[in-house]
Every structure is written in structure tokens, then in C-alpha cells.
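Have the viewer open while you read.

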Amino acid sequence: MSVDISEYGKNIVNKYAKQLGYDDDKLEMLHAIVESITEILHKHNVFAKSVEWDREGAKLINNKVQLPSGMEEVITEIIRDNEFYKIFLKEEFGGMGYTPIVLGPILEVLSTFDLSLQILVTISLSVLEPLISHHKAEFNDVIQKFADGKTTGYVAFTEAGAGSNLERVKSTSMLEGDEWVLNGTKIFISNGGYADTGLFLAQNIVGGKPEGTNVFLVEGLKNIEILRLEEKSGLHANPTAQLHFKDVRVPKENLIGKVGEGYSKVLERLMGMRLGVAYQASSMAKRGYQLAVEYAQTREQFGRPIISFPEIKNKIKSMELQIPRLDDYAIRSAFAVERNMRGWIPIEVGAGGKNMAEKMAAKMLPGVVRYGIAHYFVSSAKLYCTEIANSMLYDAQQIFGGMGFVAETEINKIARDARVLSIYEGTSEIHSWAINRAIKAVNMIPKFKYPYLQYDSETIYEKMLFARFNQLKDII
Ligand SMILES: Cc1cc2nc3c(=O)[nH]c(=O)nc-3n(C[C@H](O)[C@H](O)[C@H](O)COP(=O)(O)OP(=O)(O)OC[C@H]3O[C@@H](n4cnc5c(N)ncnc54)[C@H](O)[C@@H]3O)c2cc1C
């Protein structure tokens, strides 16, 4: 009883990537990259080490963040020796020009081994994305630093009073001569205090009053105090920091996008971060499944392997049935992000329209449709994959019996780590709201119907999901 979980994922990546113009050579190269990262992770014995890293945890010592022993070596080998960020940089920046559609297999291999490590390596991509999409010459040096593996990134948006509603941040930015002065306290910052190149979201203060929000590139940790690292129920090896920015001065050019449009124009585009979480979820669910199958085949009770008991076998079967669906959701959303980036409209929307609403909708095309659809897919994948991964990991942990409750087992660590997936990068409730908002926008288009995925029957995990988010049934 097993599915070749890597083969299915690989095949659908190939299928969609080909539609986007990737040729066989480029796909072969992609799979070679994935193999080489896998080799590094095996060489460093990361499956076993991740449990030790979890126990040791990231620490704050003398105002410096210290990662668990041996973790930095692995990060350096991936990002510096293997020039990880170059994979995603456009050719004109000396990169390999791979686009979101191929994120999946790379993110998957990292988060299969360890979520904390994956975050430490990949958040930088969220810093790089706006530096490229709102590019100016002044960003070239820092882009090069990423390309050379000499820096990693963090994203400082959340504050105590502004989580789901980021537009309400209280941090401030004021232009003084040729510099912006940044102030504020950020919480829950992944890689915080360890990574030294970040994005910072603040109100744009003009004449003492807020006029929209700004997003900045902040280089170095000068004038940034690490107030604390959070003690969390999982993700122990990844520092989640409270950072106090006190009169941090950045050059005028470090503003990303236009003044006052930080939230609406810069952050809204960061779909890759949410897409990345869908991939984290699907790979952790698959790892949980693998561990559960191995355990159920070898653990004996009542003189038989526990896999022979229907209660266990059924759980494993349900997981097995669910796995390709996780892949479908994740890849579909990567496809939508990519089409949005390229400005393609994935459907026939027509023009004109019978009445005023339809005429207006047609006029707003293609932006509304493209953007709405991309949000719809990304939010659907983020919500679906993360909620379902958590249910699957509950079952995987259950199959381990008492050992599932013991912190030293990998399954226990994964289940604890996975709990955050439906919280960060927009909670499931926020994505449910975003899906409905996207639907309203796109329903303005005559005759448009959302292409939600339909399977022959619902898995137990889908039943649980739609029981909790019943407004999404037949929508996502
Ligand atoms: C481990 C970890 C790492 C993180 N990393 C980062 C990072 O690197 N950078 C960063 O900026 N942030 C980061 N975050 C912050 C994270 O994105 C926020 O915690 C998350 O967006 C939720 O915000 P909140 O905690 O303020 O919850 P709240 O927004 O206060 O939400 C509380 C509850 O209310 C619900 N809710 C809120 N609004 C609505 C609504 N309109 N409709 C229905 N329900 C609603 C939520 O779903 C939730 O259940 C991280 C968080 C964690 C735990």
C-alpha cells in the first residue's frame, strides 16, 4: 500500500511547466537541482538532526540569535555553495530564471526535511520578489548579495495590534532629507535577528499624519533591537523575534514601490509567500504519511503489524487518497500566480456586456479577472492544504500511539510545526474571506464560473474541512 508521492508531484509539475513554455532541458535541470538539495540534506542527516535542532532551539545570546548546532552549515551549503537564490533570479540578474511554477519541488524537498530550515532558506525569496518586481538600480547590490548567498531575508510586517489587518500597523516612516526614518516594534518575525536584510511595513507620515503605508528595504541590523524570541509549541529551530526599530535610517531609494502604496501595491503581490505555505503543508503531510506507513508496517500489537487492523489501514488509505489532491491544489495555485505575473487571462471573458455592471466589468478587464483569479487559487490552496495537512498529521501522530506524543519523534515535531501553517501568511479565516472577495470581483464577469476541483468522492479530510468552512463547499 503506497503511492509514489514524488512521481505524481514531478509529473504534474512537468505538465504545467510545459504549458508555460519550459522545455525538457530546463525541467531536467530543475529535477537535478532538487536532487542536489536532497543530497545535501541527506549528507547532513537532516531528518535526524531536525529533531535535535527542535530540542536545542534557536537562542538569543548577548543580543545575537544563535541557531541550533550544525544548522548554519547546512544553510550555507545550500545558499552559498549552491547559489540557491540564483535559481529564481531572472537571467538579467545572473540567475537561472526559474519562475513560481517550479517553486514546488524545491520548497517541498526542504520542508519535507525540516520546516524551520526551509523558512530560514526561503523567506529571502519574499524579500527578493518586490526588489525585482519594483526594481531600481539601487537594489542591484543587495540582489547580488542574495545571489552570492551572503545574506538572508526577513519580512517585518506584523505588530501587536496589526496581524490579519496589516494596514493598521503603527510603525512610522518619515522622510528627512535623503533618508527615511523608521520606527516601530514588530512581532512574530521569522528569521528575525538572524537574517540581516528585511522588508519593513510602516505608515507613511506626512505633516504628523498617516497617508497610506510604505514598504522599505532595510539592510543590516543597526538600530534594531531583538527584544525577545518567542517560545513556541513548534518551529523551535526557527527564531521568531520581536524586533524594535529605533530611528533606523535608510536611503530614500530603499522605498519599494510608490509612496503611500506599500500595502495595496507591494504586499498584495506577495502571493509567493502564501503559495509557499501550501507547499510546506503538502510536503509535511506527505512526510507524515510516509512515517505513519513505515511505523504501521513495523509496529506489532496482538502479534500482528498494526497496519493489519482496519482502523489503522483506513486512516492510511484516507491519507493516500488525499495526497494527490494536495499536489493538485498547490500546483494549480502556482500556475495561477505565474499566469498573473505574465499577464495572461486564463479564461474567455469576452468584452462589452449587456448592462452597466457588465460593461464596467469588461472595461476593468483584464486586471480584475487575472488578479481575482490568482487570489482565488492561492487562497484556496493555502487554506485547503494547510487545514488538511493538520488533519492528516493528527491521524499520522495517532498511528504512533504514545510515541506520537513524545517530543523526540519526528512525527511529533512535524505535527507541532504544522500547526502554524493555518495561522501565518493569513489565517484560514482570512483566506476564506479572501476567496469570497475574489469570487465577488470575478462574478462581475458575465458567465464566469470558478473552476473548482471536483473528485469522485470526498475524503474524510475534505469532509472535515467543509464542515468547518461550510461556506466554501462547492467553491474551492
Ligand atoms: C511562527 C510564526 C511566524 C510568523 N512569521 C511572520 C513573519 O515572518 N513576518 C510577519 O510579518 N508576521 C509573521 N507572523 C505573523 C502571522 O502572519 C500572524 O500571526 C497572522 O497573520 C495572524 O495575525 P494575529 O496573530 O494578529 O491574529 P489576529 O489577526 O488577531 O486573529 C485572531 C483570530 O481572529 C480571526 N480573524 C481576524 N480577522 C478576521 C476576519 N476578518 N474574519 C474572520 N476571522 C478573523 C483570525 O483568523 C484568528 O483566528 C508569524 C506568526 C507566527 C505564529
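## Ground rules

Helices and strands here are DSSP runs numbered from the N terminus, with H or I over at least four residues making a helix and E over at least two making a strand. This is a predicted model, where local features need pLDDT of at least 70, side-chain atom pairs count only at pLDDT 80 or more, and totals for chains, interfaces and linings use all residues. Residue numbers start from 1 along each chain, following its sequence as written.

## Around the ligand

β3 (153–156), β5 (179–190) and α14 (428–443) each put at least two residues into the shell around the ligand. There are 21 residues around the ligand, and Phe157, Gly163, Ser164, Thr427 and Glu429 come nearest. Being near means that a residue's C-beta atom, placed from the backbone, lies within 6 Å of the molecule.

By class, the shell splits into 11 nonpolar, 7 polar and 3 charged residues. For the bookkeeping, Ala, Val, Leu, Ile, Met, Phe, Trp, Tyr, Cys and Pro count as nonpolar, Asp, Glu, Lys and Arg as charged, and the others, Gly among them, as polar. Domain 2 (155–261) and domain 3 (270–472) each contribute at least three residues to the shell.

## Two helix pairs

Helix α6 (residues 115–133) packs against helix α7 (residues 140–147) at about 150 degrees, and their axes are 11 Å apart. Axes are lines fitted to C-alpha atoms, for helices over the stretch in contact, and angles run from 0 to 180 degrees between N-to-C directions. So α6 and α7 are roughly antiparallel (under 35 degrees is roughly parallel, over 145 roughly antiparallel, 65 to 115 roughly perpendicular, the rest oblique). Ser124, Leu128 and Leu131 of α6 meet Val142, Ile143 and Phe146 of α7, a contact with 5 nonpolar, 1 polar and no charged residues.

Helix α9 (residues 271–298) and helix α10 (residues 310–342) pack at about 160 degrees, with axes 9 Å apart. That makes α9 roughly antiparallel to α10. Their contact includes Met271, Gly272 and Leu275 from α9 and Ile312, Ile316 and Met319 from α10. By class, the α9 and α10 contact has 18 nonpolar, 3 polar and 3 charged residues.

Methods
Contact = placed C-beta atoms within 7 Å. Domains from an automatic or database assignment.
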